[in-house]
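Reader: Hi, I'm new to this one. Could you walk me through it?
Author: Happy to, let's have a look together.

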Amino acid sequence: MQVKLKFLGGAKTVTGSRYLLHIDDYKILIDCGLFQGLKELRLRNWDKFPISPSDINVVILTHAHIDHTGYLPKLVKEGFNGPIYCTFPTMELTKILLKDSGKLQEEEASYAQKKGYSKHEKPQPLYSIEDAEKVFPLLQPIEMEKEERINPSLSFTFFNAGHILGAAILKVKVKGQTQEKKIVFSGDLGRYHDPIMNPPVRIPFADILLLESTYGNRKQLTNKPEEELGLAIRETFRNGGVAVIPAFAVGRTQMILYYLHLLQQKGKIPNIPIYVDSPMAINVTKMYKEFGHYHKLSPVLEEEDCNPFLHKKLHYYQTQESSMSLNAIRGDAIIISASGMASGGRILHHLYNRLPNEQDSIIFVGFQAEGTRGRKILEGEKTVRIYGIDVPVKAKTFYIEGLSAHADQEELMEWAEGFTNKPKMTFLVHGEREAAESLSTRLKEELDWNPIIPEYLESFELFDGI
């Protein structure tokens, strides 16, 4: 039995996670993400898929974020028709996220045609809402820590990864004639002291390991990110401005709501209105009650006064009209909207209106990938392009690092130390070059590992004749 691995994404970048496992002629795609950020990366979404999608037998998802699931509608559109395995929360989140992604693709194509800034006479979306919905019947949910057998030679198990609701570490077992091998995909690992999500499970053994390295070169120095968030909110309040927080609808928005409620309860920030302007975030937030055993907040959600997702100062805005009405607010408010890297969604309309205002502030609460608007604003660019117009950046910007849903370098090392044996091969994925290299150095020096940082489309033979 021959086992090979090909990197179709997530190599030297934090987007487009796609890993193709060949077990003889059987093909498993682990994650099926959309490329985001730099234009050269985004263009890969339009390239011909490296293998025929109809040749893929199975897709397995580690979690629902678009950089891990967002290419699924295109894959199905081009011929994939097998099962897509995931956890129960991942199935529900993926439906919400893909539908929203299809809507955004349609809107962007329509807007590009209307404004005439596309080189195509009639710009087409990468996929539509209808394409996204064709993925749903293929989604097959599996419980955490329950071994699922695909065929006599292959099985897999999900373990809790923290990070977001339903996020999983994936262990694939390959049984040959004489040996059984274990291939572990970390997925995106969460924090060890996250206030909402449980810490990632340690896996004692892997022959082959794919380890994420998003924050492979960062140590999140503060254990109290809510204090920094409070400072940014108070400063904006003193300036008479509005605080705008770009936040992903899944995970990050709920964590921000948790901290803002805590700060208001303790009197550390003023009791001003908080607006969640993201229909998707509203739908996602409801799921925390449905999937209570996947996180720590269940007891809190039962108490009306303590529920960070349901209190007097919190307002959820669904419609476009209510979203537009927020433009009239001149101060003393907090607006949370997606996407977290300002790459699309309603946040663009808020940035368009708020960036030119010196009294307003933009508070970034998560990783900003290379090439995204969020990264450009944080790096101090004087203007940023939104809707084809160069918008001046005059609002104050803050970056609260400790609110990331990703393990930092120390936590990645702590998780790696959980292995009782050194993996035969370790690949560092889902990280920009500097992050992967920095983590690689520590793994070499402290654990005597020899990690590989793969290139895009690079292939490796993992086992031959097991």
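Reader: How many aromatic pairs does a search of the whole structure find?
Author: The search finds 17 aromatic pairs. Rings of Phe, Tyr and Trp (its six-membered ring) pair if their centres lie within 6.5 Å; planes under 30 degrees apart count as stacked, over 60 as edge-to-face and the rest as tilted. One of the pairs is F35 with Y456: the ring centres are 6.0 Å apart and the planes stand at 85°, so this pair is edge-to-face.

Reader: Where do F35 and Y456 sit in the chain?
Author: They come from distant parts of the chain, 421 residues apart. F35 is in the loop between β3 (26-30) and α1 (39-42), while Y456 is in the loop between α14 and β21. Helices (H or I, at least four residues) and strands (E, at least two) are DSSP runs, numbered from the N terminus.

Reader: And is F35 buried or exposed?
Author: F35 counts as buried, at 2% relative accessibility. Y456 is partly exposed, with a relative accessible area of 24%. Here buried means under 20% relative accessible area, exposed over 50%, and partly exposed in between (1.4 Å probe, protein chains only).

Reader: Before we go on, what kind of model is this?
Author: It is a predicted model, where local features need pLDDT of at least 70 and side-chain atom pairs count only at pLDDT 80 or more, while totals for chains, interfaces and linings use all residues. Residues are numbered from 1 along each chain as its sequence is written, and side-chain values use heavy atoms, with hydrogens and water left out.

Reader: Thanks! Which residue lies over the face of Y456?
Author: That is R44, at 3.6 Å from the ring centre. R18 lies over the face of Y71, at 4.1 Å from the ring centre. A charge sits over a ring if NZ of Lys or CZ of Arg is within 6 Å of the ring centre and within 35 degrees of the ring normal.

Reader: Which residues form one aromatic cluster?
Author: The cluster is made of F7, Y19, F185, F427 and F460.

Reader: F7, okay. What is E458 in contact with, leaving aside its neighbours within four places in sequence?
Author: E458 is in contact with L5, K6 and F7, where contact means heavy atoms within 4.5 Å. E458 is placed in the loop between α14 (433-447) and β21 (459-464), and it is partly exposed, with a relative accessible area of 28%. A polar atom of the E458 side chain also lies 2.8 Å from the backbone nitrogen of E455. A polar contact is a pair of N or O atoms within 3.5 Å; within protein, one must be able to donate a hydrogen and the other to accept it, and residues adjacent in sequence count only if both atoms are side-chain atoms.

Reader: Switching topic: which backbone oxygen does the side chain of R191 reach at 3.5 Å?
Author: The one of H406. A polar atom of the R191 side chain also lies 3.3 Å from the backbone oxygen of G402. R191 is in the loop between β10 (180-185) and β11 (208-212), and it is buried, with a relative accessible area of 12%. Leaving aside neighbours within four places in sequence, R191 has contacts including P199, Q220, D408 and E411.

Reader: What about S322, where does it lie?
Author: S322 lies in helix α10 (residues 320-325). It counts as buried at 17% relative accessibility, and its side chain reaches the backbone oxygen of T319 at 2.8 Å.
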